[in-house]
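Hi,

Here is the structure I promised to pass on.

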Amino acid sequence: MKSYKNPESTHWHVLGAGAIGCLWASHLSRAGKEVTLLLRTKPATAKREKYHPILLEQNGGISSFIVQIQLCSDKNPPIHNLIVCTKSFDALAAIHSIEHRLAPNARIVLLLNGMGVQQECIKRYPGRAVICGSTSDGAYRRDTFHVIQAGKGQTFFGVLNRTAISEPDNLHTNFMKSLNGIELNVHWSSDMLEHLWRKLAINCAINPLTAINRCRNGELLNDTRLVSLMQDICSEIEMILGALKLPYAKPSLFNQVTQDITVTAQNYSSMYQDLNNARPTEIDQITGFICRQAKALGIPVPTNEMLYRKIKNSIEFRAGQR
Ligand code: PAF
């Protein structure tokens with residue numbers, strides 16, 4: 001069992017320069033932290049640069065934050081605080097690419113969609129503090145290093161392996177201290193698994209349906225056929241939760257989904273945007289995770305399976321068109 005001392009420095013390394021990565025990098029910088037954005041390759045315009053501005057647009061205003069930029073393959077300095085904001089299917093390979101720089105007491109914070117990668121990361125890095133996060137912040141990229149904060153949500157952090165951590169309360173206190181001053185709604189959760197499951201249900205209900213029907217989140221509630229599909233998706237997930245004896249189905253998952261849709265009604269889901277821009281989607285870490293769990297438990301999940309196949313088929317169809 002390892003004890004987690006607070007890594008001295010509040011230098012944050014952000015892995016992933018998508019919307020959530022840029023949102024966090026700019027907010028950490030605004031809160032006075034030293035921030036380095038870790039990139040696979042530097043943009044052509046900044047090949048030799050050590051610093052780069054990130055533009056953050058919110059409430060009609062625009063602010064610029066200068067952060068350091070580095071390649072994942074760089075040798076130094078050691079990383080004490082890592083926040084991983086990549087697509088979930090890229091996360092493990094991205095962490096592996098900077099593994100040589102992780103300090104022995106480094107915190108690895110995963111701010112990812114979907115499920116499965118978090119558990120895999122804990123298995124791969126058994127001696128490290130792996131903190132999982134789940135966010136309802138709405139953000140999208142206008143351009144490289146230019147993020148729009150569309151809605152201020154809530155972000156929960158916590159650990160999934162509390163019993164394997166010798167001083168979990170210290171980890172919690174030190175981690176929240178390291179975010180002092182940040183203008184995002186951040187909370188520590190004593191039951192992070194519940195947040196991950198609830199967010200997973202929201203993603204299973206909203207993402208494939210908005211991607212297939214090419215609509216904004218809010219439009220899902222205007223179509224009775226889609227509402228009934230979302231109810232089926234949630235009931236199937238509730239059956240899995242029941243079989244796993246996880247008491248997360250109350251209040252009902254469908255209630256939670258409708259609340260999220262109401263708050264994000266004007267947004268296009270991440271899967272809609274990925275499919276629309278012919279980028280890989282997170283379907284394997286979202287609906288795919290549910291289908292794999294269901295298979296292992298012998299529980300039928302026909303609606304989730306149908307949507308999984310539809311998204312997979314549209315990815316293949318688009319790849320064939322290129
Ligand atoms: O993936 C997204 O776009 C968002 O997580 C969601 C759940 C669809 C809206 O909050």
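Helices here are DSSP runs of H or I with at least four residues, strands are runs of E with at least two, and both are numbered from the N terminus. Before the details, a word on the source: this is a predicted model, where local features need pLDDT of at least 70 and side-chain atom pairs count only at pLDDT 80 or more, while totals for chains, interfaces and linings use all residues. Residues are numbered from 1 along each chain as its sequence is written, and side-chain values use heavy atoms, with hydrogens and water left out.

Let's start with α5. Of the 22 residues in α5, 17 are buried, meaning under 20% relative accessible area with a 1.4 Å probe and protein chains only; exposed is over 50%, and partly exposed lies in between.

His195 sits in α5 and counts as partly exposed because its relative accessibility is 23%. Leaving out residues up to four places away in sequence, His195 touches Ser134, Phe156 and Ser189 (contact means heavy atoms within 4.5 Å).

Now the pockets. On a 1 Å grid over the protein atoms alone, a pocket is an open set of points with protein on both sides within 12 Å along at least five of seven lines, a cavity is a set where a 1.4 Å probe fits but cannot get out, and lining residues have an atom within 4 Å of a point. The second largest pocket has a volume of about 440 Å³, counted as the space filled by probe spheres set on the points, which are joined across faces, edges and corners. Its lining has 17 residues, with Ser136, Phe156, Ile202, Gln256 and Asp260 nearest the centre. α5 gives the largest share of that lining, five residues.

Which residues line the largest cavity? They are Ala211, Arg214, Tyr272, Leu275, Asn276 and Arg318. This cavity holds about 40 Å³ of space, and helix α8 (residues 270-276) supplies the largest share of its lining, three residues.

Cheers
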